[in-house]
Amino acid sequence: MEPKPYPARLHALIARKARVAVVIRRGPAKEVASCLWDLESDAVTLGQWLKGRIYERRCAIAPDGRYWIYFAATHHPEHPLGGSWTAVARAPWLKALYLWAKGDAWNGGGGFTDRRTYWLNGAHGEAERASHLKRAESPLGAQRNNECLGIYFPRLVREGWTELSWSRDRAEFSKPLARGWGLHKTALSGPPAPGRGVYWDEHLVETPEGDVLARPDWEWAERDGPDIVYAERGCLWRQRILDRSTLSEPRLIHDFTPMIFEAREAPS
C-alpha cells in the first residue's frame, strides 16, 4: 500500500488595510503555489506555481494588498539566479517587478514599511528591474536572526500580535479576538518531522472565562473581524465568534488539496 500523502501546507499573508491576502500553498515539497484570497467574498484564485520553495516566513504583503515580497529557491546552482532570489511582485503573482539574485539560503525576503516602501532582509545588490517602489534601509523590528524568524516575528507584531516570551526554539504570541476571546500562537523550531518543516506554529483559543481550546491541527490562524480564519489539513476555514460562550460551526473557505502544478504566465 502506498503511503498517504501529507496535506498541503498553507500560510496566509493578510493585508493590514485591505480585504485581501496571499495564500502560499506548498505540496509536494518541491512545488509551491501563490493564490489570491478575497476576504470579502472568500473567493480564492490561483496566481502562479513554482517548482521550488517559497519561504513563507520571509514573505510579506503591502498594507494595501497590491504588492508582496517573497524569498524563493530551487537550490540548483545552475539556476540563472544562483538557486535563490528575493522578488517584489504584484500580489499574488511571482513575476518580479524587482528581482535580486541571492544564491544561498542566508537572509533573503523582507517586508513593507508602508504601501510603497519595502525593506530587504540582509545584503542585496542592485535590483535587476525597477519600478516606482522605494527601498527602506532600517529593519522593521527587533530581529531574532537573519533567516525566517527575523522576518516572521516582527511581522506578527506589526499585525497586532503581542509577543509574550521568546527563547531560541520557542516564542509565544497572543492576539485579542472578538467578544473577549483570545488567540494564542506558539512559534516553534527544531528538527523537521514528516509533513512538517523546521519552523511550525501551534494554536490555542481562549474563552473569555479563561478556558483553553486546543487546536493542534491549525498550522496558521488569524483574526478577521468577528471571525477566526485558519488553515487545517490543506483547507482554509472561517469560524465566527457568536457570543462570549459560543463559536459557530466552521465554514470551509477553500480546499487546496486537489491542486496540481500547472504552468501559468503572469499578466503583463
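## Sheets, hairpin and buried residues in a predicted model

C235 is buried, at a relative accessible area of 11%. Buried here means under 20% relative accessible area, exposed means over 50%, and partly exposed lies in between, with a 1.4 Å probe and protein chains only. C235 takes part in no disulfide; the nearest cysteine sulfur belongs to C35, 13 Å away. A disulfide is a pair of cysteine sulfur atoms within 2.5 Å. By this rule the count is 0 disulfides. C35 is in no disulfide either, with the sulfur of C235 at 13 Å as the nearest cysteine sulfur. C35 counts as buried, at 2% relative accessibility.

This is a predicted model: local features need pLDDT of at least 70, side-chain atom pairs count only at pLDDT 80 or more, and totals for chains, interfaces and linings use all residues. Residues are numbered from 1 along each chain as its sequence is written, and side-chain values use heavy atoms, with hydrogens and water left out.

**Overall build**

The protein has 1 helix and 21 strands. Helices (H or I, at least four residues) and strands (E, at least two) are DSSP runs, numbered from the N terminus. The radius of gyration is 18 Å, close to the 18 Å that the globule rule gives for 268 residues, so the protein is as compact as a globular protein of that length. That radius is taken over C-alpha atoms, and the rule is 2.2 Å times the number of residues to the power 0.38. The C-alpha trace spans about 55 × 50 × 35 Å along its principal axes.

Buried residues make up 51% of the 268. The accessible surface comes to about 13,000 Å², and carbon and sulfur atoms hold 52% of it. Areas come from the Shrake-Rupley method with a 1.4 Å probe; for residues, only the protein chains shown count as cover. Of the contacts with a separation of 6 or more, 44% join residues 24 or more positions apart. Contact means heavy atoms within 4.5 Å.

Axes are lines fitted to C-alpha atoms, for helices over the stretch in contact; angles run from 0 to 180 degrees between N-to-C directions.

Another open sheet of 4 strands runs β18-β19-β20-β21, again with antiparallel pairing. Its edge strands, β18 (218–224) and β21 (251–255), each pair on one side only. Here the twist averages 20° from one strand to the next.

Two strands pair if DSSP finds at least two bridges between them.

| Strand pair | Bridges | Bridge partners |
|---|---|---|
| β1 and β2 (residues 20–26) | 6 bridges | L10 and R25 |
| β16 (residues 199–206) and β17 (residues 212–215) | 4 bridges | H203 and R215 |
| β18 and β19 (residues 227–232) | 6 bridges | E222 and V229 |

The hairpin of β16 and β17 has 5 residues between the strands, and G210 takes a positive phi near 95° there.

**A buried arginine**

R58 sits in the loop between β5 (53–54) and β6 (60–61). R58 is buried, with a relative accessible area of 2%. Leaving out residues up to four places away in sequence, R58 touches residues including I69, F71, W106, E147, C148 and I151.
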